[in-house]
Amino acid sequence: MTTTSPPRPDTGQAQQRTDRIQTRLTRRQRLSRLDVKASPYLYIAPFFVLFALIGLFPLVYTFVVSLNDWDILSGAGDWIGIENYVAELNDPYFWNSLFNTMSIFLLSAIPQLLAAVIIAAVLDQNLRAKTFWRMSILIPYIVTPVAVAIIFSSAFGEKYGLINNILTSFNLDPVMWKSEVFASHFAIASMVNWRWTGYNALILLAAMQAVPRDIYESAALDGAGPVRRFFSMTLPSIRPTMIFVIITATIGGLQIFTEPKLFNPTSANLGGAHREYQTTVLYLWDMAFNRGDFGKASAIAWLLFIIIVAFGLLNFLISRKIASTEVKVISQHRAKKLARYRATTAANPTGVPAVTAADTSGAERTTAADPAKEERS
Amino acid sequence: MSTTTPTRTPSNADGARSDARTAGTAKKSRPRSPGLDKRPGFFVYGILLALFLGGSYPLWWSYVAGSSDNSVLTETWPPLLPGGRFWINIGEVLTTVPFWQALANSLIVSSIITTSVVFFSTLAGYAFAKLRFTGREGLMIFVIATLAVPTQLGIIPQFMLMKELGWTGTLGAVIVPTLVTAFGVFFMRQYLVDVIPDELIEAARVDGANMFRTFWSVALPAARPAMAILGLFTFMTAWTDYLWPLLVAPQNPTLQVALSQLQSAKYVDYSVVLSGAVLATIQVLIIFILAGRQLVSGIMAGAVKG
């Protein structure tokens, strides 16, 4: 027994080794499975953790602060509920800042968008030295807003500014750019327009170039002139990009700060001697860091936040509405055409539409192409 | 529609088509060429030249005024050529604000922010684009929803936090709030979802690469063009930022803060202020002349992708 029963040592070892290899393999597999399961979360974790800490938490905490009587020096005071909001909604300076923000925003967004579309259309041609022209409209974009504000606030100087000098040389009255409400809004909007129009034109140009060329070609063949092509083909195709540009311009424009802040360094108040061009973010700054009322400043921040989000939603809804009505108009149009087409084919039992039959030069244009066209147009 | 007439010359086809279109309604057809590939006329170049001049003149004028003394500003028509005082004015700038220190600060701040945003965005964007995990859709919707959230409005708690940490006045305080952006994640995801074939990732996995190795040697090289564009935009945003650095570190200024300090210190001597603005713009302008082509294509690619 003793000579035969013990298993041969080498086979036993082999068995053990295969066992070990198997367990090692499964451990590796398990590790690999863990790797597959956990990696995605590890990859997105840095973003979410950091974003929660530095982006979302401050925003939420702003709301908490806004419900307190919170001073910059003494810190958190009493819980006062919505009192800060009530105070701000009854604060004429708050409404003034909102009016200024909207006025500057509209004076910059509307002309800028119109100009950008036109410039993009001009650039969307078979130009010589394409890259040079594209680069040239981008020059203002590389000048930082602070430098832009410095340059323009000098050019819009009331006494010796470049623009007033030129106006007086034409025997026109100089404009009080820094003490009149509308004039100052115009001046600040012109800084924004100067810097951003070319940039937005390039974005719209990219959208225009993404429209397939053969669509234009066939429209041209159907007799649509450049203006017609622009309004009924280019504009609808770049609408998503336009919405993108509008929403970005809204979010940025409603938070405008640098340009009005630096427009007049000698002014007694932030944003003009009589707050002629004090925007909401400037007022927020004034309330928080000059007057030290963090509670009210936080209420201003949240009111502005709500306005910006509301604007974003409004943009979105309007653009969807436009898109859906357009689809309706197109389908009505198509139904009418289809009815007309059916009427002509019914009158013409050969199946050749009257239009084509009357056509002599394009006789080889088959009937098969025509229904397809009616369907599509 | 174009398939029926690919070989015909445009004018022929056009004539035939417009005939066909209008014959039924008995309208006279108007022969015209589509003119899609025609070179535009002088009028178009005139517009473009005017835009070029309008875009550059304020800069040129700043240089003219910044290289003269203040008397230039009182002249009715500004001189067209610069004066000889540019370096004198620059000397004044350098004694008023710590210009070079501010330039270095801006470089440090913008570089760190750019590196961080690009790396974390690529990592998260890759996970959203190419890896499968529970909650992916929901989290991506969250990212998209936060795209439109103006995080700048959280400055009051951010400021309190920096004060609490004792970071005010340091570059760390300037850097930290912009270490990640939702836009970056969204942008990288949009790019990577099309550009990396799933087979490539599977092949790397079959070859025994672990997840991070797969990311490092498959996704990163493929992501490079988008990383460059994102980097460019992030750097530009960090470089131009003014509100936050002004709030937390006015005593350790970035270039923008230093420029604004120059303006409030020297508002009576606008030629000095303008020479400072020119000095701050020149470096970017040189980079733009060398690499503006990339900026243009970056903006245009970003527009289509974003």
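User: How many residues of chain B are in contact with chain A?
Analyst: 91 residues of chain B, against 93 residues of chain A; contact means C-beta atoms, placed from the backbone, within 7 Å. This is a predicted model, where local features need pLDDT of at least 70, side-chain atom pairs count only at pLDDT 80 or more, and totals for chains, interfaces and linings use all residues. Residues are numbered from 1 along each chain as its sequence is written, with chains lettered from A and ligands numbered from 1 in the order in which they are written.

User: Which element gives the largest share of chain B's side?
Analyst: H13(B), with 17 residues. Helices here are DSSP runs of H or I, at least four residues, numbered from the N terminus.

User: And what's the split into nonpolar, polar and charged there?
Analyst: On the side of chain B that touches chain A, 61 are nonpolar, 22 polar and eight charged. Ala, Val, Leu, Ile, Met, Phe, Trp, Tyr, Cys and Pro count as nonpolar, Asp, Glu, Lys and Arg as charged, and the others, Gly among them, as polar.

User: Switching topic: what's the average pLDDT of chain A?
Analyst: 82, and 85% of the residues score at least 70; pLDDT is the predictor's confidence in each residue, from 0 to 100.

User: Where is it below 50?
Analyst: Residues 1-9 of chain A are one such stretch, with one contact beyond near neighbours in sequence. Residues 351-377 of chain A are also below 50, and that stretch has 40 such contacts in the model. Where pLDDT is low, the predicted coordinates should not be read in detail.

Key
Contact = placed C-beta atoms within 7 Å. Helix = DSSP H or I, 4+ residues; strand = E, 2+ residues; numbered from the N terminus.
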